[in-house]
Amino acid sequence: MSTFPRISLRPEVTDYLKNVFLNKEVLAAVGHQEAESRFQRLLTCLSHPPSYTCVRASTHLAPLEEIRQKLGEELKKQMCTSTEKEVSVQILPHPRIPDVLLLPVDGPRPVEQLSSEVVVGAQCGSAVLRGANVFVPGILASPKFMKAGDVVSVFSDLEGRCTRGATSFQGMRGFVGNGVAQIDRSGIFCTDVAAKGVGVRMVEPLYQSPSFDGVLPNLAFLQNLPSVVVGHVLGPLPGERILDMCAAPGGKTCHIAALMRDQGEVVALEKIKNKIDRIRQNAKMLQLNSVKVYCFNSTKAVSSDSAQEHEGPPFPAESFDRVLLDAPCSGLGQRPSMSCTWSLKELCSYQPLQRKLFHAAVQLVKKGGVLVYSTCTVTLAENEEQVAWALETFPCLTLQPQEPHIGSEGMLGAGLSPEQLHLLQRFSPELTWDQTGAAAPLPYRADRDTIGFFIAKFLKK
């Protein structure tokens, strides 16, 4: 069900994406009407959250059923504090992925808008749609005399035009629910020290889903379903040496280590220094000792010294059994995202960087080893075109089947053969948006109502 306007993009970006989704190969296969319909559905579904919450269970620490029961008990406690009614929490295991639990999201719900309004940034608004409260740094505007305890309606600034500290805002915005202010206006804006913590506790969100803040942090890890699939597709085995080239915030790194039962070595590289601690904290929280984290630019991760003795980067060629390149990308598959202000130049800036990283990845994986490339975007240039380029540039690479394969096959338009497209995995929520009813079984919906995502698996001959 459509609740929000389509994602707000610059006209040049909309035109670019339309040309992608209505390329000659697609038009020849499905016709103009269906291609146009898919594109319009994409723009709409990107601004809406998926119909479920995906939790990766730490099955290296406890059995899935035990985690499911504990999670149910914790969430019942949380929900009973906000209502006197008896509550039930539906938590279902995914039928094909052994460490995934699914929780349905209730929404959109009939929530009445109030006259007292708080405006938050688009990123904050997206987090609220997935179950978060409003944290103080995300607040842009509030009523002039707002006090802690006031009930307010929360709106997301869709175009990034609200001035911080304003008392009202009439630009393009999206209603995300009602909450209770936890802090006076003066504590948000009139202070020398930046305030932290919850600014508005959501009591009537438009989309109701559990808050996982502090809930079983070492057993239940919030992660989008395709991001969990990546770890399984990589297929790490105990005792192997694995490289995660662009590791922050560490979710996939830790999943790889967990799948290996913490036996072997997982090397995580991240070039942004202030993201390193988050990866280490996640590994420590999940009791994973096989993870080694380095602040390093992965485009320079190959050493010319094959006899080097230090264990950190750069590494000699063919140092790893498997390599994950979850590449920096335009992120246009993320949901919900009601607004993206990037220019076309910014959008197209990722392909060259991804290719530099790919060159390093191919050198670092052993002969007979596996390289997995993934993004959370929907463009051809960053996905299927990169695969076509890689197969032409590196004759040693061949595409491999993926397990599990629960997404769609690759998208037409990059000149790949039907057999090659069949080996790729593209999560395309626009294919079934508004066609899969809430009455459909949750696992069925979960495989289709995802973020936009792409996975390619290569073997180095």
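A salt bridge is a side-chain nitrogen of Lys or Arg within 4 Å of a carboxyl oxygen of Asp or Glu. By that rule, a search of the whole structure finds 20 salt bridges. The model is predicted, with local features needing pLDDT of at least 70 and side-chain atom pairs counting only at pLDDT 80 or more, while totals for chains, interfaces and linings use all residues. Residues are numbered from 1 along each chain as its sequence is written, and side-chain values use heavy atoms, with hydrogens and water left out.

**View 1. A salt bridge between R241 and E265.** The side chains of R241 and E265 meet in a salt bridge at 2.6 Å, N to O. R241 belongs to strand 11 (residues 241-244) and E265 to strand 12 (residues 265-270), so the pair ties together parts that are 24 residues apart in sequence. Strands (E, at least two residues) are DSSP runs, numbered from the N terminus.

**View 2. Domain 1 against domain 3.** The protein is divided into domain 1 (52-104), domain 2 (117-205) and domain 3 (224-460); these bounds come from an automatic or database domain assignment. Between the C-alpha centres of domain 1 and domain 3 there are 27 Å. In contact (heavy atoms within 4.5 Å) are 18 residues of domain 1 and 25 residues of domain 3. The two domains bury about 1,700 Å² between them, 65% of it on carbon and sulfur atoms. Buried area is the accessible area (1.4 Å probe) that two parts lose on being put together, summed over both. Y52, R56 and H60 supply 37% of the area that domain 1 buries against domain 3, more than any other three residues.

**View 3. The salt bridge between domain 1 and domain 3.** The count between these domains is one salt bridge. The side chains of R96 and E403 meet in a salt bridge at 3.4 Å, N to O. On the side of domain 1 that touches domain 3, the elements giving two or more residues are strand 1 (52-57) and strand 3 (100-104). Strand 3 gives the most, with four residues.

View 4. Two strands pair if DSSP finds at least two bridges between them.

**View 5. Strand 7 beside strand 8.** Strand 7 (residues 151-157) and strand 8 (residues 173-181) pair in the antiparallel sense over seven bridges. Opposite S153 stands N178 in strand 8.
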